[in-house]
Amino acid sequence: MRTIADHILDISANSTSAGATKVWLDIVENTAHATFVFAVRDNGRGMPSSVREQVFDPFFTTRPHEIRRFGLGLPFLQENTEMTGGNVQLKSEPGTGTTVQATFHTDNIDCLPVGDIASTFFALLVSDFSVQWNISRTRDDLTYTVATEDLMKVFTLDELSDPEAQMLLLEYLRGQEKSVCGGERL
């Protein structure tokens with residue numbers, strides 16, 4: 001995990017692995033307070049307390065050991081947020097889904113760079129068309145949103161599988177990101 005965007009992609013992918021059909025991703029960046037907060041909320045399987053108590057242990061995973069022997073995403077996220085003076089909060093109940101919220105203090109020397117948020121959103125949106133994504137990105141007083149429902153008003157599923165349409169979507173997301181960041185980090 002070299003960037004915050006890598007963490008966003010990893011935690012969001014966990015939602016789809018947990019059977020989520022709806023995922024809400026909210027990012028709020030406040031430059032005046034030097035904070036970057038992202039929250040991923042889903043309607044997946046959720047976790048019993050026995051799993052919640054272990055998810056920050058790097059040697060624990062819920063996936064079959066033939067697939068993965070370690071679960072490093074949440075432990076790395078916790079370490080990277082805490083190095084900045086931030087934290088990770090996890091809420092989950094079986095049958096109701098999971099919410100992970102991570103807070104980074106961006107003025108801390110140990111804070112990871114934000115990374116390529118537009119490409120992260122793009123990867124999530126085209127990775128699994130059976131998942132309804134609802135993404136909100138705020139930086140200070142500027143916000144943009146992207147939702148699967150809105151994309152389906154512009155593109156068909158076949159079109160979203162076409163590389164040319166995907167490039168249009170990626171360029172759109174880059175333009176939205178540029179509109180809230182003023183060209184920074186692009």
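Predicted model: local features only at pLDDT ≥ 70, side-chain atom pairs only at ≥ 80, totals over all residues.

Visitor: How are helix 1 and helix 4 packed, and at what angle?

Guide: Two packed helices are described by the angle between their axes and the distance between the axes. Axes are lines fitted to C-alpha atoms, for helices over the stretch in contact, and angles run from 0 to 180 degrees between N-to-C directions; helices (H or I, at least four residues) and strands (E, at least two) are DSSP runs numbered from the N terminus. Here helix 1 (residues 4-17) and helix 4 (residues 117-127) have axes 9 Å apart and pack at an angle of about 15 degrees. That makes helix 1 roughly parallel to helix 4, given that angles under 35 degrees count as roughly parallel, over 145 as roughly antiparallel, 65 to 115 as roughly perpendicular and the rest as oblique.

Visitor: Which residues of helix 1 and helix 4 meet?

Guide: Ala5, Ile8, Leu9 and Ser12 in helix 1 meet Ile117, Thr120, Ala123 and Leu124 in helix 4, where contact means heavy atoms within 4.5 Å. By class, this contact of helix 1 with helix 4 has 6 nonpolar, 2 polar and no charged residues; Ala, Val, Leu, Ile, Met, Phe, Trp, Tyr, Cys and Pro count as nonpolar, Asp, Glu, Lys and Arg as charged, and the others, Gly among them, as polar.

Visitor: At what angle do the axes of helix 4 and helix 7 cross?

Guide: The axes of helix 4 and helix 7 (residues 163-181) cross at roughly 140 degrees and come within 8 Å. That makes helix 4 oblique to helix 7. The contact is made by Ile117, Ala118, Ser119, Phe121, Phe122, Leu125 and Val126 of helix 4, together with Gln166, Leu169, Leu170, Leu173, Arg174 and Glu177 of helix 7. By class, the contact of helix 4 with helix 7 has 9 nonpolar, 2 polar and 2 charged residues.

Visitor: Which residue caps the N-terminal end of helix 4?

Guide: Asp116 is the cap, with a side-chain oxygen 3.4 Å from the backbone nitrogen of Ala118. A polar contact is a pair of N or O atoms within 3.5 Å; within protein, one must be able to donate a hydrogen and the other to accept it, and residues adjacent in sequence count only if both atoms are side-chain atoms. In the segment before helix 1 lies Thr3, whose side chain has a polar atom 3.4 Å from the backbone nitrogen of Ala5. Thr3 is buried, at a relative accessible area of 15%, and, leaving aside its neighbours within four places in sequence, is in contact with Leu112, Pro113, Val114 and Gly115.

Visitor: Is Thr98 buried or exposed?

Guide: Thr98, found in strand 4 (residues 97-105), is buried, with a relative accessible area of 10%. Its side chain makes a polar contact with the side chain of Ser92 (2.7 Å).

Visitor: What is the phi of Ala34, and what is that of Asp140?

Guide: Most residues other than glycine have a negative phi, and most peptide bonds are trans. Ala34, however, has a positive phi of about 55 degrees although it is not a glycine; Ala34 is found in the loop between strand 1 (22-30) and strand 2 and is buried, with a relative accessible area of 11%. Asp140 has a positive phi near 55 degrees, lies in the loop between strand 5 (132-139) and strand 6 (142-147), and counts as partly exposed at 38% relative accessibility.

How values were computed: Residues numbered from 1 in each chain as written. Heavy atoms only, no water. Buried < 20%, exposed > 50% of the residue type's maximum accessible area, 1.4 Å probe, protein only.
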